[in-house]
Amino acid sequence: MRPATRVELSARAAAWLEKNQWQLIEDMEINIHERWGARRKTMNKNGVVQALRHMAGPSFRCMYCGDSEGCDVEHYYPKAQPAWRDRVFEWRNFIWVCAPCNRLKNANFRTDAVGNGILLNPVNDKVWDFFDYVDESGYLVPRFDLTPENADRAFFTSSEKVTRLTHDVVCEGRQRSARGIRRAMQRYESSPRSEGDVEEFLLHVMDAGHPELCEWFFAGQGSRENPYRAFVAHHRGLIDELRQRLNRSYPGIW
Ligand SMILES: [Zn+2]
């Protein structure tokens, strides 16, 4: 799961969504799927899709699995269910995801007793508040210290039937990213430390397919163990710079 911050829509795009939402509420005869299908095409032009892709960061990866390139406007509260007719064109309900995650999630959406989604939302929920990263397998496992409600959310979200978060191919990609981060650390440690070495370190780490791991290794649970612990202790300025760069490219990632 790739943390993201919701950006502000242009006034034009916001007005366009509002108008469409209003029409759906005013006229209950309008079929949601037909209307969405017709309007989805124009979203590429009016700034909604661009804003979502900007939130997803370079290469526009899926906000759920962080692996495949996103291509769909996903409704956190599914448009397929009449209960959420009032959220079909709601900007805050949109997420950028890959087609497989979209398909999995659509058939699997649950709410709690007060109607909030159980599924974690990459824009509202912080991945490392709910999961531990296991380097041996590339898995994300629910943290041991969660409240029963949050444990329920973490287990639901990481279920193979709901998102690709723990699918083998995604876990392997996470391990590859972790190895890339470690290689960049080793290279930096063994270099004479010129200005160019800083840039090279930042470039290699930023290039990792799962940049959300940086927070885990350099500030989260991962940073309690070596080699990360020692690296953070010795290169605080570098880590600060990395964090700033990451957040510029991937708004809200760390
Ligand atoms: Zn995905």
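Trainee: In which helix is Leu238 found?

Mentor: This is a predicted model, in which local features need pLDDT of at least 70, side-chain atom pairs count only at pLDDT 80 or more, and totals for chains, interfaces and linings use all residues. Residues are numbered from 1 along each chain as its sequence is written, and side-chain values use heavy atoms, without hydrogens and water. Helices are DSSP runs of H or I with at least four residues, strands are runs of E with at least two, and both are numbered from the N terminus. On that basis, Leu238 belongs to helix H12 (residues 236–249).

Trainee: Is Leu238 buried or exposed?

Mentor: Buried means under 20% relative accessible area, exposed over 50%, and partly exposed in between, using a 1.4 Å probe and protein chains only. The relative accessible area of Leu238 is 7%, so Leu238 is buried.

Trainee: Leaving aside neighbours within four places in sequence, with which residues is Leu238 in contact?

Mentor: Contact means heavy atoms within 4.5 Å. With neighbours within four places in sequence left aside, the contacts of Leu238 are Tyr188, Val198, Phe201, Leu202 and Phe231.

Trainee: Which residues are the protein donors of the zinc ion?

Mentor: Donors are N, O and S atoms within 2.8 Å of the metal (3.2 Å for Na, K and Ca); water is not among the atoms, so sites may look incomplete. Here the donors lie 2.3 to 2.4 Å from the zinc ion, each through an SG atom. They follow the spacing C-x2-C-x32-C-x2-C along the chain. The residues are Cys62, Cys65, Cys98 and Cys101.

Trainee: Why is the arrangement of the 4 donor atoms around the zinc ion called tetrahedral?

Mentor: Four donors count as tetrahedral if all angles lie between 85 and 135 degrees. The 4 donor atoms around the zinc ion make a tetrahedral arrangement because they subtend angles of 105 to 114 degrees.

Trainee: How many residues apart in sequence are the parts that Cys65 and Cys101 tie together?

Mentor: Cys65 counts as buried, at 0% relative accessibility, and Cys101 likewise counts as buried at 0%. Cys65 lies in the loop between helix H4 (48–56) and strand E1 (72–75), while Cys101 lies in helix H5 (residues 99–106), so the parts tied together by the pair are 36 residues apart in sequence.

Trainee: Which residues of helix H7 (residues 148–158) are buried?

Mentor: The cover over the buried residues of H7 includes helix H6 (127–130), strand E3 (131–134) and strand E4 (139–142). The buried residues themselves are Ala151, Arg153, Ala154, Phe156, Thr157 and Ser158.

How values were computed
Four donors count as tetrahedral if all angles lie between 85 and 135 degrees; four count as square planar and six as octahedral if opposite donors are over 155 degrees apart and all others between 65 and 115; anything else is irregular.
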